[in-house]
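Hi,

Here's the structure I promised to pass on.

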Amino acid sequence: MGNQETNPELENLLEYIKRTRGFDFGGYKRTSLSRRVCRRMQLIGVENYGEYLDHLEVHPDEFVELFNTILINVTAFFREAQAWDYIASEIIPGIIASKHISKPIRVWSAGCASGEETYTLAMLLAEALGMEQYTARVKVFATDVDVEALNTARQASYNPKEVQSVPANLQEKYFDRVNDRYIVQKELRRGVIFGRHDLVRDAPISRIDLLVCRNTLMYFNTETQVKILERFHFALNDAGFLFLGKAEMLFTRNHSFTPVDLKRRVFTKVPNGNLRGMLLSMAHSTGQQPVPEMVDQMRIHEATFEIDPVAQMVVDLNGIVLLANSEARNFFNLNPRDLGSPLQDLELSYRPVELRSRIDHVSANRRAITLKDIEWPGTDRDMKYLDVQIMPLIDDNTDELLGVKIIFTDVTRFKNLQQELVHANQELETAYEFVLRR
Ligand SMILES: C[S@@+](CC[C@H](N)C(=O)[O-])C[C@H]1O[C@@H](n2cnc3c(N)ncnc32)[C@H](O)[C@@H]1O
């Protein structure tokens, strides 16, 4: 926790939150953290952290209020307009010029709150590329730890005051006016994938050309910021850019990034500067194997999952479909955009079998269940039978629940054989009876 002052009662409260809610505020600056917790304490009229902990135990809804107070998600379209002008005139054209027209452009908006920053990025990319190229090439990954903020971002509906900072021509071009709301146009939204991601704990997204993380790093203490920056280094392509908030600085001793424009807080990565060291420290912090085997193994895991002949998918704790292998995508006609969507938005959540209540059950009990002989007319209209296995995914080291895996095994052949066997037995019995009667 660095050299910050600590209060044992506050630490106890944070430990309790980590244990009961799996959220680790350990890396957050204690001064702002205690100020915000105290605000909640005043509002509900308790005197000290111990009493507040008791209150949390009895009123679990208070967690939501507390998180909302701590993770203030203040944001705006084109927040700090000058910096965005620079991104639009220098950085985005530079990225486009450096890439072949057939290559994807991958952007990560980390700590995206309710989506204004993300859609700002999307608008600038669409402006630079034109809508056709934007649709074909751009993926904006937008992540935050706050699920409520992500839901607002997904809805993409803003009030007149919120869109005031969007230049008039872009407002006209990229928003649909519905009653008194401004809804981000569908085409623009299609390039954006929202997902829950905790910067402190989750693995980084990779092959990123532009990583925008503004007004978020400041909530973490020095050590945690260094760790997050190491992951950002890993996330970025060699020629990739990092764009921070106005009030944020990289530490002077940081050798992984070098400023492109310090005033606008735009940095570029020092290629492979200390990749090995970074992976070692990532490995160290997660208790996993060191480099380079770790990277190779991750790729092997991914490839193995992808080509497995059995259809399978992974849903995270917020009900988001994180992975679906090639067989699952073909089997259920999923398209790549379905990855990152809430399971409840997909037909698959209730057909061939209602999954959500079963997933909740498996998550609560941390035990696998198997549903047998589920009928599925399939895409080719031939009746198929599936065994559906729903399994909890548990971290070996921490015993923490990470999500659930759902495996769809096609048992049609066995089912048909079984029916043929029953039929054959019946015929045999009839034949015996016939012989005996004679
Ligand atoms: C002040 S907002 C910044 C929003 C936007 N980037 C901007 O600059 O306008 C900070 C965001 O960081 C998010 N945040 C806090 N801790 C986080 C974590 N551990 N992982 C991911 N996001 C986090 C909060 O939920 C909040 O939405």
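A quick term first: a polar contact here is a pair of N or O atoms within 3.5 Å; within protein, one must be able to donate a hydrogen and the other to accept it, and residues adjacent in sequence count only if both atoms are side-chain atoms. With that in hand, a polar side-chain atom of Glu117 sits 2.7 Å from a nitrogen atom of the ligand.

Bear in mind that this is a predicted model, where local features need pLDDT of at least 70, side-chain atom pairs count only at pLDDT 80 or more, and totals for chains, interfaces and linings use all residues. Residues are numbered from 1 along each chain as its sequence is written, and side-chain values use heavy atoms, with hydrogens and water left out.

Back to the ligand. Taken alone the ligand exposes 600 Å², and the protein buries 99% of that (Shrake-Rupley areas, 1.4 Å probe).

Is α6 mostly covered or uncovered? Mostly covered: 12 of its 14 residues are buried, meaning under 20% relative accessible area with a 1.4 Å probe, protein chains only. Glu117 is among the buried ones, as are Tyr119 and Leu129. After α6 comes Gly130, with a positive phi near 85°.

Cheers

Note on methods
Buried < 20%, exposed > 50% of the residue type's maximum accessible area, 1.4 Å probe, protein only. Helix = DSSP H or I, 4+ residues; strand = E, 2+ residues; numbered from the N terminus.
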